Amino acid sequence: MPRIAVQSETFDPGAEIAALQAAAPQAGAIATFTGVVRSDAAHPIVAMTLEHYPAMTEPAIRRIAAQAEQRFSLLGCTIIHRFGRLLPGDPIVFVATAASHRRAALQATEFLIDWLKTRAPFWKQEHLSDGSAIWVAALAQDEADADRWSSLPPRNDSGS
Amino acid sequence: MASLRILYFAWLRERTGHGEEELPLPEGVATLGDLIAFLRTRSAGYAAAFADPRLVRAAVNQEFARPETAIAAGDEVAFFPPITGG
């Protein structure tokens, strides 16, 4: 049973990893991804606001998590996505997967974050230092990253 | 008679001036594409929101939908830009 959370509050990746491992004691591999609000010299921002479609978000994430669990034979997974106003350095999204072996865990994590980027109904707005705010445009590359999974056969590997 | 519940997100919300609204199913509207064509005629803000259909995505009853997707009274329709999650 995946743990799904859509929340405005922050989260603790370390505590989430420990909880996933406790819930999947047979796992030989746990892989994680943490997305963080980025502000750098090339593109400085003062804050980011994430809007979402509450009635759609959690059911959509729950379906993809169930799909990932089956496709990659996961022993468990955790997905957390935040909404609301966030500051540079704040964690936005967290994916953790538990599997028998590393490849399934790593691939499932990548599959889930590629999917979240393009299919989970969230929209980012960046707040700039001059007081203006701009909606982030979707990247064709993100779409291509999500699409490549549809042509990939489910893998069934062994060995760690 | 049941009406449509229409939700707008991100810059579609800003341009239409509505986060959500209830609307009787307009006459002659059978698909999402029909509804977009109808909404574009409502005001300058709606016309601006739907000016470039390639930038608009939609869901009907919380499932991603396409212009040919059928809609009926009682449906929840959502319009939004391409997703930028993660």
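So, when I say contact, I mean heavy atoms within 4.5 Å. On that basis, in chain B, 57% of the contacts with a separation of 6 or more are between residues 24 or more positions apart.

Quick housekeeping. This is a predicted model, where local features need pLDDT of at least 70 and side-chain atom pairs count only at pLDDT 80 or more, while totals for chains, interfaces and linings use all residues. Residues are numbered from 1 along each chain as its sequence is written, chains are lettered from A and ligands numbered from 1 in the order written, and side-chain values use heavy atoms, with hydrogens and water left out.

Okay, chain B. Going along the sequence, you get β-α-β-α-α-β-β-β, with helices (H or I, at least four residues) and strands (E, at least two) taken as DSSP runs, numbered from the N terminus. Of its 86 residues, 44% are buried, meaning under 20% relative accessible area with a 1.4 Å probe, protein chains only.

Rings of Phe, Tyr and Trp (its six-membered ring) pair if their centres lie within 6.5 Å; planes under 30 degrees apart are stacked, over 60 edge-to-face, and the rest tilted. That rule gives 9 pairs over all chains. Take Y53(A) and F9(B): tilted, 4.8 Å centre to centre, 40° between the planes. Y53(A) sits in the loop between β3 and α2 of chain A, and F9(B) in the loop between β1 and α1 of chain B, so this pair joins two chains. F9(B) also stacks with W123(A), at 5.0 Å and 20°. W123(A) is in strand β7 of chain A, so that pair joins two chains as well.

And who else is in the cluster with Y53(A), W123(A) and F9(B)? F64(B) and F80(B).

Terms used: Buried means under 20% relative accessible area, exposed over 50%, partly exposed in between (1.4 Å probe, protein chains only).
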